[in-house]
Amino acid sequence: MSVFKISSLEQYHQQYRESVENPEKFWARIAAHFHWHKQPKNILEWNFDNFDVKWFRDGELNITENCLDRHLADRGETPALIWEPNDPEEHHRVLTYNDLHEKVNQFAQVLKQNGAKKGDRICIYMGMIPELAIAVLACARIGAIHSVIFGGFSAKSISDRLQDAQAAYVITCDGAYRGAKDIPLKEVIDDALIACPFVKRVIVCTRTRRPISMIKGRDVWWEDEIKKVETLGLKNVHPEVMNAEDELFILYTSGSTGKPKGVVHTIGGYMVYTNYSFVNVFQYKPGDVHFCTADIGWITGHSYILYGPLCAGATSLMFEGIPTWPDAGRFWDIVEKYQVNILYTAPTAIRSLMGFGMDHITGKDLSSLKVLGTVGEPINEEAWHWYDNNIGKNNSPVVDTWWQTETGGIMISNIAGITSAKPTFATLPLPGVQPLLVDENGVEIIENNVSGNLCMRAPWPGMLRTTYGDHERCKKTYFSTYPGLYFTGDGATRDDEGNYRITGRVDDVLNVSGHRIGTAEVENAINMHAGVVESAVVGYPHDVKGQGIYAYVIDENTHGDEELTRRDILQTVTRIIGAIAKPDKIQFVSGLPKTRSGKIMRRILRKIAEGETQNLGDTSTLLDPGVVDEIIKGKLV
Ligand code: WTA
């Protein structure tokens with residue numbers, strides 16, 4: 001494992017140097033650690049001007065053989081997944097590598113029996129139960145492309161995604177438990193499918209056993225289908241041999257336009273990159289229990305609950321519930337119960353748990369923890385120290401991992417215990433990652449300690465390959481702002497040691513509790529509400545969520561009950577996108593600050609939402625400066 005594992009600072013620098021000087025040689029050596037049907041010889045072809053990137057293009061493999069089969073001989077009886085249910089009173093489940101292998105094969109048979117095949121898009125809308133992991137891996141086993149949709153999205157969001165991907169199969173549950181809630185997943189799917197007649201099969205897994213409708217000819221029960229393949233004596237599925245550049249999954253994410261885009265990852269590069277980054281950033285050692293608290297509906301769950309850890313033969317803990325139910329000690333109970341070694345969570349969870357004080361921590365045994373990670377948004381200094389002091393007891397390195405749905409895996413992060421941590425800094429790039437900062441004109445910023453826009457000058461194996469069905473959009477979104485560079489959409493600074501500090505999005509994307517939400521998407525949803533003439537949405541600092549959503553709305557029904565209208569608008573947003581996109585504040589206004597050419601001056605609205613009343617910058621280009629005073633007067637606290 002010598003070229004794979006970074007075990008000293010010197011090795012980090014050495015690997016980094018090699019990866020920049022000779023990326024092909026470097027990644028060929030890393031890739032040699034995996035199981036290929038055909039070892040790749042052609043390591044990298046790339047072009048950022050007319051975006052086209054191919055890693056390991058002549059390689060052939062099946063990712064599930066890397067995640068499952070190759071571990072069976074040595075670690076068949078090692079737990080692959082430990083599942084902790086929402087309700088601590090319910091029994092947990094442990095699936096060894098043997099168990100997971102068997103179940104993935106069985107469900108892969110179910111998919112095949114239902115006619116699914118290589119290249120089909122399969123939408124997965126389930127709660128955090130082991131069957132979700134099984135479904136994802138079963139898709140990969142047969143070469144189908146999975147598209148997991150987070151359980152918080154609305155029927156409308158699902159049907160948009162189903163249509164975009166033309167998915168003929170849906171895998172869901174009757175319902176899902178989340179804290180005290182019982183979420184009607186199948187009901188939401190039923191609503192989504194009204195607009196999706198091309199969906200021919202819905203496989204429904206039992207979880208809450210709430211009453212649901214099962215449509216004859218379309219809907220089947222997971223458990224019945226498993227029985228059928230058992231009766232037929234169907235066991236292992238021969239894993240489909242895939243090309244390294246075949247698509248593994250689509251994951252929809254928000255951008256600065258109104259419509260979410262389907263980020264596409266391909267098999268070989270994603271596998272190599274998620275596994276390499278997992279093992280190194282967290283300094284994973286065989287036997288470690290890894291607990292990533294994300295939902296598999298987001299990229300973090302894909303990469304660091306499933307593919308990265310399973311490829312390493314690790315034990316990955318999957319948690320169905322939320323950090324504050326039945327009480328705010330839930331994470332710490334889980335750490336104690338399973339002697340968790342690596343804990344990977346989001347700053348928003350840390351801030352929320354901070355608010356509950358030490359009562360839920362005192363007396364719990366957290367001594368198994370060796371590494372703490374954060375992801376999803378900038379972590380403020382107070383939360384960083386709280387995590388370090390009270391959870392890690394100043395004895396576990398905190399890794400602040402910066403990356404994106406588009407990057408597939410961690411890009412900028414300290415390496416636990418090997419490179420130095422610096423609170424609020426994601427610190428240094430991983431081998432293979434070549435960041436730079438540019439000014440508005442795309443000119444590289446060479447000096448340190450100034451803000452710039454974060455870009456990448458070269459490809460890495462885990463990067464997105466396209467946005468589903470629309471390569472032009474992919475090129476435009478990521479490669480046209482600064483020609484020849486991948487633009488992340490984030491702002492950052494760099495200190496004299498080369499450590500990067502990510503300051504947040506510089507585009508119209510919000511980061512609410514670590515969830516990406518486009519302002520244009522929320523505006524579209526608000527504007528669909530009857531009576532709304534126009535709206536403008538901006539982010540503002542929020543103590544727990546990181547960013548809150550502030551909406552300025554022009555409503556023609558000015559004499560109605562404001563509070564009721566507000567609630568109606570929230571309901572509309574919940575219907576159109578999902579509850580995660582609900583504005584925290586809605587201010588009714590009679591006009592929006594616009595330039596003479598009709599463009600909304602969001603900069604001003606952002607400042608007002610942040611509480612600024614004086615230094616609003618240049619307002620001389622405004623069509624009607626009076627509207628600004630009115631907005632300031634009506635600002636919600
Ligand atoms: C933000 C999540 C600061 C950033 C893996 C990025 C972060 C967006 C960090 C991607 C971090 C993620 N420090 N900001 N450690 N990690 N971000 O696609 O703005 O859900 O562009 O991927 O989250 O969010 P996404």
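Me: What does threonine 64 touch, not counting residues up to four places away in sequence?

Reply: Threonine 64 touches Asp69, Leu137, Ala140 and Arg141. Contact means heavy atoms within 4.5 Å. This is a predicted model, where local features need pLDDT of at least 70, side-chain atom pairs count only at pLDDT 80 or more, and totals for chains, interfaces and linings use all residues. Residues are numbered from 1 along each chain as its sequence is written, and side-chain values use heavy atoms, with hydrogens and water left out.

Me: Where is threonine 64 found? And is it buried or exposed?

Reply: Threonine 64 is in helix α3 (residues 63-75). Helices (H or I, at least four residues) and strands (E, at least two) are DSSP runs, numbered from the N terminus. Threonine 64 has 0% relative accessibility, so it counts as buried. Buried means under 20% relative accessible area, exposed over 50%, partly exposed in between (1.4 Å probe, protein chains only).

Me: Which side chain does the threonine 64 side chain make a polar contact with?

Reply: That of arginine 141, at 2.9 Å. A polar contact is a pair of N or O atoms within 3.5 Å; within protein, one must be able to donate a hydrogen and the other to accept it, and residues adjacent in sequence count only if both atoms are side-chain atoms.

Me: Switching to the ligand. Which of the 17 residues around it come nearest?

Reply: Asp400, Thr401, Thr405, Asp490 and Arg516. Near means that a heavy atom of the residue lies within 4 Å of the molecule or strand.

Me: What are the atom distances?

Reply: An N or O atom in the side chain of aspartate 400 is 2.7 Å from a ligand nitrogen. For threonine 401, a backbone N or O atom lies 2.8 Å from a nitrogen of the ligand. The side chain of arginine 505 has an N or O atom 2.9 Å from a ligand oxygen.

Me: How much of the ligand does the protein cover?

Reply: 96% of the 530 Å² of accessible area that the ligand has on its own. Accessible areas come from the Shrake-Rupley method with a 1.4 Å probe; for residues, only the protein chains shown count as cover.

Me: Which elements give two or more residues to the shell?

Reply: α10 (299-311), β20 (398-401) and β25 (500-505).

Me: Aromatics next. How many pairs?

Reply: The structure holds 36. Rings of Phe, Tyr and Trp (its six-membered ring) pair if their centres lie within 6.5 Å; planes under 30 degrees apart count as stacked, over 60 as edge-to-face and the rest as tilted. Phenylalanine 48 and phenylalanine 479 form a tilted pair, 5.0 Å centre to centre with 55 degrees between the planes.

Me: What does that pair tie together?

Reply: Phenylalanine 48 is in the loop between β1 (44-47) and β2 (52-55) and phenylalanine 479 is in helix α14 (residues 471-479), so the pair ties together parts 431 residues apart in sequence. Phenylalanine 48 and phenylalanine 479 are both buried.

Me: Where does arginine 161 lie?

Reply: Over the face of phenylalanine 153, at 4.5 Å from the ring centre. The criterion is NZ of Lys or CZ of Arg within 6 Å of the ring centre and within 35 degrees of the ring normal.

Me: Last one. How many residues of helix α15 are buried?

Reply: Seven of the nine in α15 (residues 519-527), so the helix is largely enclosed by the rest of the structure. Among the buried ones are Glu521 and Glu523. Their cover includes β28 (532-542) and α17 (602-609).
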